[in-house]
Structures are given as C-alpha cells and as structure tokens.
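Hi there,

Here is the structure I promised to pass on. Have a look at it first, and then read my notes below.

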Amino acid sequence: MGRLTVTFLLIASVFSAADVNVYEQNCVGCHKKLPVTLEKFFFDYLLEYSSERQVKKALRRYLKHPKKKSSLAAEELVERYGLMPKTRLSDDDLRRAIDIYWEKYKVFGKIE
Ligand code: HEC
C-alpha cells in the first residue's frame with residue numbers, strides 16, 4: 001500500500017467512526033430502555049412511507065416535532081413511556097443520524 005492509500009484509509013476510518021457516533025450516541029442509548037426496538041420502528045416507517053426520500057423526510061419531521069397525531073408507535077407504548085423528546089441535534093447532525101439509521105436497516109441492496 002502506498003502512503004497515500006494509508007492516509008486515505010486513516011481519514012476514512014476517522015470519519016466513519018465519527019458518523020457512527022451521532023446515531024449511537026444520540027439514539028441507541030435511550031432506545032435500549034424501550035420494549036420496542038429501533039429496527040421495528042424503522043420497518044414501520046418503511047411500510048408507511050416506502051421510499052428512502054419519504055422515510056427520511058418523515059423521520060426528520062417526527063424527530064424535530066414528536067406528536068401523538070403523527071406517531072406510528074402503539075398507543076400503549078406512548079402512554080407508558082411518553083412521546084420521545086424533541087431532538088436537540090442540529091439539522092446536519094440529525095440528517096447524519098438518520099442516514100446512519102437508514103444504512104443500518106435498509107433492506108434494499110442486501111437481498112441477493
Ligand atoms: C431520551 C430518549 C430518546 C432518544 C434520545 C431518542 N428516542 Fe426515539 N423514541 C423514544 C421513545 C420514548 C419513543 C416512543 C414514543 C414515540 O413514538 O414518540 C421513540 C420513538 C421513536 C421512533 C418511532 C416514532 C413514531 O412514529 O412514533 C423512531 C423512528 C425513533 N424513536 C428514532 C429515534 C432516532 C433516530 C433517534 C436519534 C436521533 C432517537 N429516536 C432518539 C425515545 C428516545
């Protein structure tokens with residue numbers, strides 16, 4: 001491997017580690033306490049909104065303004081745990097967190 005390649009790989013790994021953190025740090029911890037997984041919520045959104053663009057848009061909207069009316073979660077869950085708190089992430093970080101969330105659970109391209 002040339003020095004350039006090594007440098008590139010190093011930079012790429014630093015960036016991807018930082019990326020994972022936005023999602024891991026801001027979503028996963030709190031969700032571990034819930035009886036419904038982030039994966040289940042993801043598929044609810046996929047079923048309801050279908051395309052990558054629509055899913056991401058709906059997620060952005062919900063995370064910025066969680067409302068009972070637009071929630072896809074079961075009513076009993078919301079009664080027991082409350083709505084999720086409005087995100088405090090910047091638009092950029094929220095976008096990145098949702099991109100990571102999408103990449104983690106999307107099924108397209110994984111089916112051979
Ligand atoms: C402090 C706790 C907490 C954090 C942080 C949190 N969530 Fe949630 N989340 C909840 C709770 C509680 C619910 C269930 C109630 C609801 O749906 O609002 C929920 C529901 C959801 C849902 C279903 C929404 C719906 O339609 O009802 C999605 C999708 C979701 N979270 C994704 C995320 C993502 C992505 C992040 C990180 C950017 C995140 N959550 C951060 C607590 C949290």
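**The iron site**

Donors here are N, O and S atoms within 2.8 Å of the metal (3.2 Å for Na, K and Ca), and since water is not among the atoms, sites may look incomplete. For six octahedral donors, the ideal angles are 90 or 180 degrees.

Which residues coordinate the iron atom? They are His-31, through NE2, and Met-84, through SD, at 1.9 to 2.4 Å. His-31 belongs to helix H1 (residues 3–31) and Met-84 to the loop between helix H4 (75–81) and helix H5 (91–105), so the pair ties together parts 53 residues apart in sequence. His-31 is buried, at 15% relative accessible area, while Met-84 is partly exposed, at 31%. Buried means under 20%, exposed over 50%, and partly exposed in between (1.4 Å probe, protein chains only).

**The chain as a whole**

The chain has five helices and zero strands; helices are DSSP runs of H or I with at least four residues, strands runs of E with at least two, numbered from the N terminus. Of its 112 residues, 26% are buried.

**Before you start**

This is a predicted model: local features need pLDDT of at least 70 and side-chain atom pairs 80 or more, while totals for chains, interfaces and linings use all residues. Residues are numbered from 1 along each chain as its sequence is written, and side-chain values use heavy atoms, leaving out hydrogens and water.

Happy exploring!
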